[in-house]
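User: I'm new to this one and would like a walk through how it packs. Could you start with the terms I'll need?

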Amino acid sequence: MSEKYPILEGAEPFYFEGNEIGILVSHGFTGSTQSMRPLGEAYANAGYTVCGPRLKGHGTHYEEMETTTYQDWIDSAEEGYLWLKERCSTIFVTGLSMGGTLTLYMAEKYQEIKGIIPINAAIEIPDMAAAAGLENFRFLDAIGSDIKNPDIKELAYEKTPVKSLGEITELMKKVKADLGKVTCPALIFVSKEDHVVPPSNSQEIYNSIRSAAKELVTLDNSYHVATLDNDQDIIIERTLNFLQRVLETSSLQG
């Protein structure tokens, strides 16, 4: 099925070729690559190879999102991963919100992933699970653009398909059940105040993964879309430090 809606300006996938260390960068539910692009560009400027896939059904129109499944979103992330694998010997994964959920999924499935950086990742959102069961509703008001900085807006859908809420709920269940399979180093970012994903999700992720090296960093000045918010520089700086630390540790062990 070809997509009948054009890709919104700013929602295109992005690819930056750099060194042999790759970073997969994943956006969130109903959002677009726009939310992750500043991070992708910063990592590319630091020399890394970066891939920011557009998750299927995203960045076009919410009616198209309605036709996609969580497996489609996994497939989109995996396509980006394969693009990186052709170019890189070492791969890290980062993502915002459902992109963080997909980051955890990838680490559960691909043990060779070197490290992960989930940002306000979702493994259980009771409000969404409840809304997924609504009869007689096809679309609900949007969840996008939960940003503290009043001058910034996220490029996201103005409506959320109820069917898609069911899909993300299934994805979260699946990922939550397998958190014990995550063993790679993890840098977990959580906004103190988040109106989409309860911050307790990140604490539970931290507690449940089996990584020897793991850190939970609280962002005091951002809401859910922290990658576009006041703490963007902190996320970039701490991530670049994390990448260096993991790479140095593995070369010492190597």
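Analyst: A crossing of two helices is called left-handed if the near helix is turned anticlockwise from the far one by less than a right angle, and right-handed if clockwise. Helices (H or I, at least four residues) and strands (E, at least two) are DSSP runs, numbered from the N terminus. This is a predicted model, in which local features need pLDDT of at least 70 and side-chain atom pairs count only at pLDDT 80 or more, while totals for chains, interfaces and linings use all residues. Residues are numbered from 1 along each chain as its sequence is written, and side-chain values use heavy atoms, with hydrogens and water left out.

User: Okay, so what is the handedness of the crossing of α4 and α6?

Analyst: The crossing of α4 and α6 is left-handed. Helix α4 covers residues 98-109 and helix α6 covers residues 162-177, and they pack at an angle of about 40° with their axes 10 Å apart. Axes here are lines fitted to C-alpha atoms, for helices over the stretch in contact, and angles run from 0 to 180 degrees between N-to-C directions. Angles under 35 degrees count as roughly parallel, over 145 as roughly antiparallel, 65 to 115 as roughly perpendicular and the rest as oblique, and α4 and α6 are therefore oblique to each other.

User: Which residues in α4 and α6 meet?

Analyst: From α4 there are Met98, Thr101, Leu102, Leu104, Tyr105 and Glu108, and these meet Ile168, Leu171, Met172, Lys174 and Val175 in α6, where contact means heavy atoms within 4.5 Å. By class, the contact of α4 with α6 has 8 nonpolar, 1 polar and 2 charged residues. In that count Ala, Val, Leu, Ile, Met, Phe, Trp, Tyr, Cys and Pro are nonpolar, Asp, Glu, Lys and Arg are charged, and the others, Gly among them, are polar.

User: And how do α3 and α4 pack?

Analyst: Their axes are 10 Å apart and the angle is about 65°, and the crossing of α3 and α4 is right-handed. The contact is made by Trp73, Ile74, Ala77, Glu78 and Tyr81 of α3 together with Met98, Leu102, Tyr105, Met106 and Lys109 of α4. Sorted by class, the residues of this contact divide into 8 nonpolar, no polar and 2 charged.

User: What about α3 and α6, at what angle do they cross?

Analyst: The axes of α3 and α6 cross at roughly 65° and come within 8 Å. On the α3 side the contact is made by Tyr70, Trp73 and Ile74, and on the α6 side by Ser164, Glu167, Ile168, Glu170, Leu171 and Lys174. That contact has 5 nonpolar, 1 polar and 3 charged residues.

User: Switching topic: which residues touch the most other members of the largest nonpolar core?

Analyst: Of the 46 residues in the largest nonpolar core, those are Phe29, Leu104, Met106, Ile116, Ile205 and Ile209. The elements that give two or more residues to this core are α2 (62-65), α3 (70-85), β4 (90-96), α4, α5 (126-132), α6 and β8 (186-191). A second, separate core of 28 residues includes Ile23, Ile117, Ile147 and Ile235. A nonpolar core is a set of buried Ala, Val, Leu, Ile, Met, Phe, Trp, Tyr and Cys residues joined through side-chain atoms within 4.5 Å, and buried means under 20% relative accessible area, exposed over 50% and partly exposed in between (1.4 Å probe, protein chains only).

User: What does methionine 106 touch?

Analyst: Not counting residues up to four places away in sequence, methionine 106 touches Leu24, Ala77, Glu78, Tyr81 and Ile113.

User: Where is threonine 69, and what does it touch?

Analyst: Threonine 69 is found in the loop between α2 and α3 and is partly exposed, with a relative accessible area of 28%. Leaving out residues up to four places away in sequence, threonine 69 touches Lys163 and Glu167.

User: Last one: is aspartate 141 buried or exposed?

Analyst: Aspartate 141 is exposed, with a relative accessible area of 59%, and its place is in strand β6 (residues 139-141). Leaving aside its neighbours within four places in sequence, aspartate 141 is in contact with Glu158, Lys159 and Thr160.
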